[in-house]
Amino acid sequence: MDLKSFTSTTIFKDITVLKEEYIPDSIEKREHTLNDLARRVYSPPFSNQPADHLFIYGTPGTGKTLTNLYMMRLVEEQSKTSPYKILPIYINCTQQQSENAIMKNLYLATAKEDSKKDQRTYLKS
């Protein structure tokens, strides 16, 4: 049996869409949810206003994580041209279960961003 023949044949047009980290360019049939999230949580910081708190729950596989990662990507893109720099951070609390682990991830994400900022400042000098 030649195993190489199996690697070149696939029924998928683009298998990367099945990966957990894949975020599509748009999410169909979620306009109401996306607009509500944008209005209550993601847009206020761009106007120097506090965002509403958010607790998301539901059946596995219904698009909770995808929807929020999609919105976080939009925030990241908009933040590039905004006077308010917003750093969206995603932490999977099923993998980081203790408060210490969550705080460590928050620290590492912000320290990484500060490091990038320092490098940009250094390169401009």
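Let's begin with Arg40, which counts as partly exposed because its relative accessibility is 39%. Before I go on, keep in mind that this is a predicted model.

So what does Arg40 pair with? Arg40 makes a salt bridge to Asp52, and the closest N and O atoms there are 3.5 Å apart. That pair ties together distant parts of the chain: Arg40 sits in helix H2, while Asp52 is in the loop between H2 and H3, 12 residues apart. Asp52 is also partly exposed, since its relative accessibility comes to 38%.

How many salt bridges are there by this rule? The count is 2. The other one I want to show you is Asp36 with Arg39, where the closest N and O atoms are 2.7 Å apart. Here both partners belong to helix H2, 3 residues apart, or about one turn of the helix.

Okay, staying on H2, let's turn to the buried side. Which residues of H2 are buried? They are Leu34, Leu37, Val41 and Tyr42. These residues lie on the same side of H2, because the arc they cover around the axis is only 75°. And what covers them? H3 is part of that cover.

Ile15 lies in the loop between helix H1 (4–7) and helix H2 (31–42). Ile15 is partly exposed, as its relative accessible area is 48%. It belongs to a nonpolar patch on the surface, together with Ile11, Phe12, Val17, Leu18 and Tyr22. Together these residues have about 610 Å² of accessible area.

Last stop, Asn92. Where is Asn92? Look in the loop between helix H3 (64–79) and helix H4 (99–124). Buried or exposed? Asn92 counts as buried, because its relative accessibility is 18% and the cut-off for buried is under 20%. Its side chain makes a polar contact of 2.5 Å with the side chain of Thr94.

That's it from me.

How values were computed:
Residues numbered from 1 in each chain as written. Predicted model: local features only at pLDDT ≥ 70, side-chain atom pairs only at ≥ 80, totals over all residues. Heavy atoms only, no water. Helix = DSSP H or I, 4+ residues; strand = E, 2+ residues; numbered from the N terminus. Buried < 20%, exposed > 50% of the residue type's maximum accessible area, 1.4 Å probe, protein only. Polar contact = N/O pair within 3.5 Å; in protein donor to acceptor, adjacent residues only side chain to side chain. Patch = residues over 30% accessible without salt bridge, like charges linked within 9 Å, V, L, I, M, F, W, Y side chains within 5 Å. Areas by Shrake-Rupley, 256 points an atom, 1.4 Å probe, with all protein chains shown as cover. Salt bridge = Lys/Arg side-chain N within 4 Å of Asp/Glu carboxyl O. Arc of directions from axis to C-beta. Contact = heavy atoms within 4.5 Å.
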